[in-house]
Amino acid sequence: ATYALTVASLAALLNLLNGQLTTVFYAKGMPQLHRRSVALMAVIMVVMIYPCAKYIGLAGGQAACLIAVFFGYVFQLERVHRVTGLDLREYAQPMLVSVLLSLGVVAVCLCAKLSAVPLQPIANIMVGFLGCFLAYLVGGAIFLKNNGTNANRVL
């Protein structure tokens with residue numbers, strides 16, 4: 001059940017990102033581009049749900065959803081690029097940094113879990129807090145380094 005919740009949270013995250021692109025289409029007066037994405041996701045979901053649920057179980061149903069939302073997101077991202085001229089490299093760079101920082105948090109938590117010392121619940125919470133705190137420090141340092149000159153203009 002934990003894996004199903006993890007996959008479901010990833011699908012929800014992608015769906016949030018997808019919502020931002022949908023707003024662009026509606027703002028540009030092109031809702032048909034979003035409807036095409038929804039149709040694509042529906043077809044992928046119908047095709048993937050049975051095999052994924054049969055062979056993987058509950059997490060497989062969520063994996064089918066994640067796959068459908070992923071392809072819908074990529075489809076809309078490509079469309080937004082054509083409609084607005086969005087620079088995909090500039091768009092993806094902060095996401096890549098965020099993913100790497102998040103993987104660092106996962107690594108800290110996995111190392112603590114795999115250590116020989118069994119952790120009590122409060123220790124698990126502290127390890128998770130430490131991993132997140134370190135990620136925020138590194139992310140903040142990167143943000144301030146990249147935007148240091150812009151921050152001075154605002155003040």
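Tutor: Happy to! Keep in mind that this is a predicted model. Let's begin with how the chain connects to itself: of the contacts in the protein chain between residues at least 6 apart in sequence, 65% join residues at least 24 apart.

Now for the close look, at helix H3 (residues 58-84) and helix H4 (residues 88-114). Two packed helices are described by the angle between their axes and the distance between the axes. Here H3 and H4 pack at an angle of about 135 degrees, and their axes lie 11 Å apart. H3 and H4 are therefore oblique to each other, since roughly antiparallel would need an angle over 145 degrees. On the H3 side, the contact is made by Tyr-73, Leu-77 and His-81, while H4 contributes Leu-88, Tyr-91 and Met-95. Sorted by class, the contact of H3 with H4 has five nonpolar residues, one polar residue and no charged ones.

Stepping back, the protein chain has five helices and zero strands, giving the pattern α-α-α-α-α along the sequence. Its radius of gyration is 20 Å, well over the 15 Å that the globule rule gives for 155 residues, so the protein chain is more spread out than a compact globule. The C-alpha trace spans about 55 × 55 × 20 Å along its principal axes. As for the surface, buried residues make up 21% of the 155 residues. The protein chain exposes about 10,900 Å², and carbon and sulfur atoms supply 73% of that area.

Conventions: Residues are numbered from 1 along each chain as its sequence is written. This is a predicted model: local features need pLDDT of at least 70, side-chain atom pairs count only at pLDDT 80 or more; totals for chains, interfaces and linings use all residues. Side-chain values use heavy atoms; hydrogens and water are left out. Axes are lines fitted to C-alpha atoms, for helices over the stretch in contact, and angles run from 0 to 180 degrees between N-to-C directions. Helices (H or I, at least four residues) and strands (E, at least two) are DSSP runs, numbered from the N terminus. Angles under 35 degrees count as roughly parallel, over 145 as roughly antiparallel, 65 to 115 as roughly perpendicular and the rest as oblique. Contact means heavy atoms within 4.5 Å. Ala, Val, Leu, Ile, Met, Phe, Trp, Tyr, Cys and Pro count as nonpolar, Asp, Glu, Lys and Arg as charged, and the others, Gly among them, as polar. The radius of gyration is taken over C-alpha atoms; the globule rule is 2.2 Å times the number of residues to the power 0.38. Buried means under 20% relative accessible area, exposed over 50%, partly exposed in between (1.4 Å probe, protein chains only). Accessible areas come from the Shrake-Rupley method with a 1.4 Å probe; for residues, only the protein chains shown count as cover.
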